[in-house]
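Subject: Structure for you, with notes

Dear colleague,

Here is the structure I promised to pass on, and my notes on it follow below. Please keep it open beside this message as you read.

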Amino acid sequence: MVLTSWGRSSGFCCDPIEKKPLNHYLPGTSILSFGTAGCNLACKYCQNWDISKAKRTDALAAEATPDDIAASAIAHDCRSVAFTYNDPVVFLEYAVDTARACRAADLRTVAVTAGYMCKEPREEFFKSIDAANVDLKAFTERFYWKLCGGHLAPVKETLQYLAHETDVWLEITTLLIPGENDSPGEIDALSAWVAEALGPHVPLHLTAFHGAWKMLDYPDTPLETLREARKIALENGLRYVYTGNISDPHGQTTYCSGCGLAVICRDGYQITGWELDDKGRCGACATACPGVFEREPGQFSHRPLPLDTTLH
Ligand code: SF4
């Protein structure tokens, strides 16, 4: 088998790392993001359906070698490179080669993935990755099969592998779709499993659905649903639960698990408050905030910047 998309992308963009979303990994920094075409799942609500459903290579307008990508990330003041937009497992060889070039250039690598992969590629892929946001799309086999054409069990295996057998920094995203995966019972089961099987320190992002592709007739997720889901997850012991894709500064603030101080405040993708010391500990009680932090937050201050379609 040959990866025909190697060296070709559907586009490059500089994003704030909070958009991946990662809230505990180099907050405020810029990340060079790209994807290719196609996907190994078939989510009926895919926001990136134009590239994830592309069967031909028409969507692959941009070209870049791994070294070009690393050089461009540095030129655009990015601290890391993200494999995103479609699932990186379908361009694993290109992603791994790019990750090696990034590490040689002192850049970090981030995977945004559904985690739907077999054991061997899972290990090969994550050896080259520094941080990941993995979708836990729902907590029922019905949802995974009916809306995504996949299964839940391999995703749980990936999450457990990342949490217990690697040093990859892990955060999780669950997009709440009205009537499909947003019942209090399902949120309760999902968050209890994350707390027990992965650990209470793993951040969980509960994000708002907006209609896309074959699910345009579904309503947007109400803010109240997200807040109620966040409350349930916190009651189950998770320490860092965020709302996303919606304006909710309280739900997007990082609170110290020791004393409750707001240690990182956010307004959209902007960092508006920072109370961590130079070792990532709470400025009031010195409880460590899990994640990877620098002395100060990054200064991403502009809207996402589309780059030239060809990087070299
Ligand atoms: S896994 Fe992500 S990119 Fe792939 S079809 Fe589902 S939502 Fe789209």
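Which residues have the most contacts inside the largest nonpolar core? Please bear in mind that this is a predicted model. The largest nonpolar core has 72 residues, and those with the most contacts inside it are Tyr45, Phe125, Phe126, Leu136, Leu159, Ile172 and Val194.

Two of these names, Phe125 and Phe126, come up again in helix H4, which spans residues 119-126 and in which Arg122, Phe125 and Phe126 are buried. Viewed down the axis of H4, the buried residues fall within an arc of 85 degrees, so they line one face of the helix. The cover over the buried residues of H4 includes helix H3 (92-104), strand E6 (108-113), strand E7 (131-135) and helix H6 (153-165). Phe126 itself touches Ala111, Thr113, Met117, Ala132, Thr158, Tyr161, Leu162 and Val168, if residues up to four places away in sequence are not counted.

Turning to the aromatic residues, a search of the whole structure finds 13 aromatic pairs. One of them is formed by Phe34 and Phe91, a tilted pair with 5.9 Å centre to centre and 45 degrees between the planes. Phe34 lies in strand E3 (residues 30-35) and Phe91 in the loop between strand E5 (78-83) and H3, so this pair ties together parts that are 57 residues apart in sequence. Both Phe34 and Phe91 are buried. The rings of Tyr45 and Phe143 have their centres 6.1 Å apart and their planes at 55 degrees, so this pair is tilted. Here too distant parts of the chain are linked, with Tyr45 in the loop between E3 and helix H1 (49-52) and Phe143 in helix H5 (residues 141-148), 98 residues apart. Both Tyr45 and Phe143 are buried. Ring pairs also link Trp6, Phe12, Phe34, Phe83, Phe91 and Tyr94 into a cluster, and elsewhere the charged end of Lys214 sits over the ring of Trp213, 4.9 Å from its centre.

Two individual positions may be worth a look. Thr173, in strand E8 (residues 169-176), counts as buried because its relative accessibility is 7%, under the 20% cut-off. The side chain of Thr173 makes a polar contact with the side chain of Asn133 at 2.8 Å, and the residues touched by Thr173, beyond those up to four places away in sequence, are Pro21, Asn133, Val134, Asp135, Leu136, His205 and Thr207. Of these, Pro21 lies in the loop between strand E2 (11-16) and E3, and a cis peptide bond, with omega about -5 degrees, joins Lys20 to Pro21.

The other position is Ile264, in strand E12 (residues 262-267), which is buried with a relative accessible area of 0%. The C-alpha atoms of Ile264 and His24 are separated by 9.5 Å, although the two residues are 240 apart along the chain. Leaving aside neighbours within four places in sequence, the contacts of Ile264 include Asn23, Pro27, Trp274 and Phe293.

Finally, there are two backbone details to check by eye. Asp77, in the loop between helix H2 (66-75) and E5, has a positive phi of about 60 degrees although it is not a glycine, and Asp77 is exposed, with a relative accessible area of 62%. Tyr85, in the loop between E5 and H3, is likewise not a glycine and has a positive phi of about 75 degrees, but Tyr85 is partly exposed, at 27% relative accessible area.

With best wishes

Conventions: Residues numbered from 1 in each chain as written. Predicted model: local features only at pLDDT ≥ 70, side-chain atom pairs only at ≥ 80, totals over all residues. Heavy atoms only, no water. Helix = DSSP H or I, 4+ residues; strand = E, 2+ residues; numbered from the N terminus. Buried < 20%, exposed > 50% of the residue type's maximum accessible area, 1.4 Å probe, protein only. Polar contact = N/O pair within 3.5 Å; in protein donor to acceptor, adjacent residues only side chain to side chain. Contact = heavy atoms within 4.5 Å. Arc of directions from axis to C-beta. Phe/Tyr/Trp six-rings, centres within 6.5 Å; stacked < 30°, edge-to-face > 60°. Lys NZ or Arg CZ within 6 Å of the ring centre and 35° of its normal. Core = buried A, V, L, I, M, F, W, Y, C linked by side-chain atoms within 4.5 Å.
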